[in-house]
Amino acid sequence: MDDYVIEMLHITKTFPGIRANDDVTLQLKRGEIHALLGENGAGKSTLMSVLFGLYQPDSGEIRKDGKTVHIKDPNDANALHIGMVHQHFKLVDVFSVLDNIILGAETTKYGLLKKDEARRKVMELSQRYGLMVDPDALVEDISVGMQQRVEILKMLYRDNDILILDEPTAVLTPQEIDELMEIMRGFAREGKSILFITHKLNEIMAVSDRCSVLRKGKYIGTVETKDTTKEELSRMMVGRDVSFTVDKAPCKPGDTVLSVQGLTVPSKLHSNNAVKGVSFDVHAGEIVCLAGIEGNGQSDLVLALTGLEKASAGKIEFCGKDITHSPIRKRALAGMSHIPEDRHKHGLVLDYSLENNMSLQRYFEPEFESLGFIKQKKVHSYAEKLISEYDVRSAEGPYTIARAMSGGNQQKAIVGRELDRRTKLLVAVQPTRGLDVGAIESIHKEIIAARDAGTAVLLMSLELEEVMSLSDRILVMYEGEIVGEFDPQKVTVQELGLYMAGAARQDISAASDAAARGGIANA
Amino acid sequence: MLNKRRFIQGLFTLVSAIICVLIGLALGFIILVVFSWSSYSSKGVPYTVGQVFSTAWEQGFKRILLGGFYNLGWKIPTRSLLLRSEICRIAPLLMCGLSVGFAFKTGLFNIGAAGQYTLGAYGALMCALILKLPWWACLLASVLFGAVWGAIPGFFKAYFNINEVITSIMFNWIGLYGVNTLMYGNGKSVMYNANESKVWKLVNKNASAIIPDMKGDGSTLFNKVFTNPSTIAVFIAIAVAIVLYVVLNKTVFGYELKACGYSKTAAKYAGINEKRNIILAMAIAGALAGLGAGLFYLTGTEQWNPQENTALPAMGFDGISVALLASSNPIGTIFSAIFKAHIATGGPKMEKTLFPSEIADVISGTIIYLCAFMLLFKNKLAARVFRRSRKPEGEIKK
């Protein structure tokens with residue numbers, strides 16, 4: 001007789017047009033780390049939302065310690081000691097860390113807050129589990145990793161012993177991921193049970209005890225992690241074999257497509273420059289990757305290249321023309337496509353239908369426009385074509401409102417739209433963020449196909465694995481400067497990590513040596 | 001099949017709007033019953049419940065429902081001035097509703113319709129009384145004046161990120177007192193008729209500036225109804241609504257404007273000039289409100305009173321409620337404007353000793369309030385219908 005702390009039995013949940021969970025059963029043992037694996041839109045988040053009381057299941061039952069419970073809202077979940085950290089954190093930016101932790105569970109005396117007691121408890125928890133936070137810092141000032149620790153402390157503060165983590169590692173740096181895993185193991189040792197949602201097979205293999213797999217809303221099975229392999233897990237998740245290595249022909253760099261000289265971009269956060277006089281080239285038919293820990297100026301560099309932010313000094317040449325001060329539309333027409341970092345802010349008009357989003361970069365072209373009118377039929381058929389080519393799943397196809405789609409499918413829609421334009425330069429920022437292995441595989445293939453067709457690709461990624469497998473040349477950024485240039489064949493992840501952390505740095509001559517090795521003269 | 005789903009959802013919006021209207025009317029009737037009951041009980045004579053209800057109906061509610069058809073009963077309208085002045089009010093209401101609704105669609109809150117309306121009135125009347133231009137030229141002037149008055153807050157929003165609500169409110173008052181001063185001109189303005197202490201009547205100064213009507217010889221029903229002050233203005237306004245619908249939903253321009261409205265950052269990413277679009281959207285909203293004033297003052301029913309008009313024209317704010325009731329849909333706005341004009345005409349016809357005419361405003365106020373719940377009604381309806389139509393072993397659609 002197994003000691004199940006939570007059992008979700010035969011859960012079915014339907015939304016208009018889509019069956020998100022279809023007879024799903026999930027059993028969580030006491031003190032285990034249980035991974036929930038599935039493709040984008042497989043119904044993982046829906047299932048967890050049912051457990052946390054955000055959705056009511058159409059049928060099925062939930063048991064806590066063998067007794068049937070009804071979880072009508074997150075307060076009920078809390079009373080059952082179930083806590084959840086959402087993919088997008090639910091923190092009050094202008095509150096301090098301590099205030100955020102006690103918010104909703106404040107200790108009071110005569111109606112006045114008693115923060116001293118709360119502070120003692122928080123500090124004790126923080127020390128016990130190695131969750132280092134500064135209780136007086138404002139949430140808006142702390143790193144994403146620390147925000148996540150605040151969210152975890154919130155659960156602990158409420159004495160939750162069933163912890164749900166929705167894609168906890170998506171926003172973390174490799175070092176932070178290691179720390180998080182250590183913390184998770186600590187919880188399990190204390191008898192807390194952890195359910196965590198992820199796409200990343202490595203993490204499942206590293207930290208979980210068991211893994212349940214969902215595919216297209218259906219329950220596929222649960223396996224003991226120690227008896228399984230990455231290959232088997234991905235087969236369960238995708239329904240076919242997935243290759244983890246990226247096959248690509250050697251790079252044949254052509255003409256210089258993008259040339260950046262001494263580019264400086266002011267920071268929005270502080271008075272310093274976010275990008276400090278950076279120079280590099282990207283050639284036709286090569287994939288250049290900007291690597292670095294988040295917040296070292298890569299994002300600002302990309303925004304300046306694509307025209308979303310203004311550069312304060314330096315020059316950007318695109319196909320021999322100076323585009324430093326060109327408007328965005330002009331850059332796009334000259335042949336630049338951009339998979340943006342923030343898909344909600346820039347990538348999609350969330351309240352537009354999918355079909356209108358698919359033509360967001362092209363609606364004014366003669367193919368889709370005549371005499372000022374939009375050819376909606378053409379827009380529709382174009383959207384249908386992209387949807388089937390890039391396997392974008394949604395409830396109502398081209399008519400789906402983008403906001404109603406799952407994050408991974410939103411990403412696939414953007415990637416499809418930008419890749420299909422077959423431009424001279426593709427600026428791709430985290431193109432596979434939040435995607436499952438199957439989708440990552442196909443997007444990597446598409447990016448390499450674009451490269452082989454002569455597109456210059458500037459890739460920015462925080463995933464070192466992606467950086468190593470996809471790029472032809474790696475530029476490491478640290479504090480707004482390029483501190484090293486590498487050939488992925490001749491560098492190790494550990495070595496890159498040193499440069500990313502600012503512990504090592506190539507001098508200029510070394511950098512040009514590295515460039516010379518690749519047969520490329522760097523300006 | 002999917003198109004059908006969208007059609008049904010559109011239908012839900014309509015049905016829930018009608019539910020709002022019905023609840024608002026019901027509440028209005030309840031208030032009338034309360035008034036009627038309190039007046040009976042204060043008289044100190046015996047009365048029956050039937051009397052209370054019949055008074056509330058006969059002398060109150062029925063008249064609101066009849067609107068411009070008061071005097072006519074439920075009969076086919078003859079040459080009724082009341083009905084014609086109701087129709088005359090539809091055009092400006094519709095235009096102000098379109099102005100607010102259009103701005104909503106592009107992500108802006110145009111609370112400045114009142115000021116743009118004022119400027120539009122000035123533009124129309126100045127061209128009519130000083131420049132002696134024909135009606136269509138005066139209408140163009142009202143469009144132009146309103147557009148400029150809308151564009152200025154748009155400019156501040158686009159280039160200095162100053163909230164358009166704040167600037168529009170200030171420009172409402174600047175516009176009102178500016179126009180009053182210009183029209184009055186210390187009593188010496190060409191536009192000002194000192195004897196009536198109002199702006200000159202168009203009939204006396206420049207009859208060509210009056211918008212044409214059907215030259216009512218009373219031969220046909222159409223002729224009877226569309227005689228001054230009811231002119232072709234209402235047809236112009238409806239045509240504008242249809243054009244606006246097409247622009248918003250079928251054109252590249254509308255696509256860009258709505259993209260800016262939904263997400264400024266995504267529009268910028270797509271290379272849309274969002275600053276230009278904000279100014280243009282506000283200018284168009286202003287032009288619509290300005291045209292509304294032109295369509296009203298060029299019928300010659302009412303004269304501007306520069307010394308007493310010290311409150312912003314209510315038309316601008318009624319536009320907000322008209323737009324809300326129609327969920328900013330230009331075609332829907334046509335119907336909500338007709339409805340609003342109808343009950344506003346009926347309100348003052350209630351028995352004044354018993355019922356305050358503001359009950360009509362209570363009704364429309366309730367309806368607007370309920371509009372906020374419209375989404376709720378809509379979702380409930382959708383949940384009911386779709387749950388029933390769901391296939392039991394439905395597969396996930398790709």
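**A chat about the model**

Modeller: Let's start with helix 9 of chain A, where Gln298(A), Ser299(A), Asp300(A), Leu301(A), Val302(A), Leu303(A), Ala304(A), Leu305(A) and Thr306(A) are buried. Keep in mind that this is a predicted model.

Colleague: Why is helix 9 of chain A said to be largely enclosed by the rest of the structure?

Modeller: Its residues, 298–306, number 9, and 9 of the 9 are buried, so the rest of the structure largely encloses this helix.

Colleague: And what phi does Gly307(A) take, just after that helix?

Modeller: Gly307(A) has a positive phi there, of about 95°.

Colleague: Let's zoom out. How many helices and strands does chain A have?

Modeller: There are 18 helices and 24 strands in chain A. Along the principal axes, its C-alpha atoms fill a box of roughly 70 × 50 × 50 Å.

Colleague: How does the radius of gyration of chain A sit with that of a compact globule?

Modeller: The two agree, because a compact globule with 523 residues would come out near 24 Å and chain A has 24 Å. As for burial, 47% of the 523 residues count as buried. Of the contacts in chain A with a separation of 6 or more, 68% are between residues 24 or more positions apart.

Colleague: What does the domain assignment give for chain A?

Modeller: It gives domain 1 as 4–238, and domain 2 as 256–335 + 423–517. Their C-alpha centres lie 34 Å apart.

Colleague: How many residues are in contact between those two domains?

Modeller: In chain A, 10 residues of domain 1 are in contact with 11 residues of domain 2. On the domain 1 side, helix 8 (residues 230–238) of chain A gives the largest share, 3 residues. That side of domain 1 divides into 5 nonpolar, 4 polar and 1 charged.

Colleague: New topic: Gly434(A). Where is its place, and is it buried or exposed?

Modeller: Gly434(A) is in the loop between strand 21 (425–429) and helix 15 (437–452) of chain A. It counts as buried because it has 21 C-beta neighbours inside 10 Å, and the cut-off for buried is 20 or more.

Colleague: What is Gly434(A) in contact with, leaving aside its neighbours within four places in sequence?

Modeller: Its contacts are Ala170(A), Gly407(A), Gly408(A) and Gln411(A).

Colleague: What about Asp420(A), where is that found?

Modeller: Asp420(A) is in helix 14 (residues 407–420) of chain A. With 19 other C-beta atoms within 10 Å, Asp420(A) is partly exposed. From the C-alpha atom of Asp420(A) to that of Thr108(A), 312 residues apart along the chain, the separation is 58 Å.

Colleague: Now chain B. How many residues of chain A are in contact with it?

Modeller: There are 34 from chain A, in contact with 23 residues of chain B. Strand 2 (18–29), helix 10 (328–334), helix 11 (343–347) and strand 20 (373–374) of chain A each supply at least two residues of the chain A side. By class, that side has 18 nonpolar, 8 polar and 8 charged residues.

Colleague: Last one: how do helix 5 and helix 12 of chain B cross?

Modeller: The axes of helix 5 (residues 135–160) and helix 12 (residues 274–297) of chain B come within 6 Å and cross at roughly 145°. The crossing is right-handed. Residues of this helix contact in chain B divide into 21 nonpolar, 7 polar and 2 charged.

Technical notes
Residues numbered from 1 in each chain as written. Chains lettered and ligands numbered in written order. Predicted model: local features only at pLDDT ≥ 70, side-chain atom pairs only at ≥ 80, totals over all residues. Buried ≥ 20, exposed ≤ 12 C-beta atoms within 10 Å, placed from the backbone. Helix = DSSP H or I, 4+ residues; strand = E, 2+ residues; numbered from the N terminus. Rg over C-alpha atoms; globule rule 2.2 N^0.38 Å. Contact = placed C-beta atoms within 7 Å. Domains from an automatic or database assignment. Nonpolar A, V, L, I, M, F, W, Y, C, P; charged D, E, K, R; others polar. Axes fitted to C-alpha atoms, helices over the stretch in contact; angles between N-to-C directions. Left-handed = near helix turned anticlockwise from the far one by under 90°.
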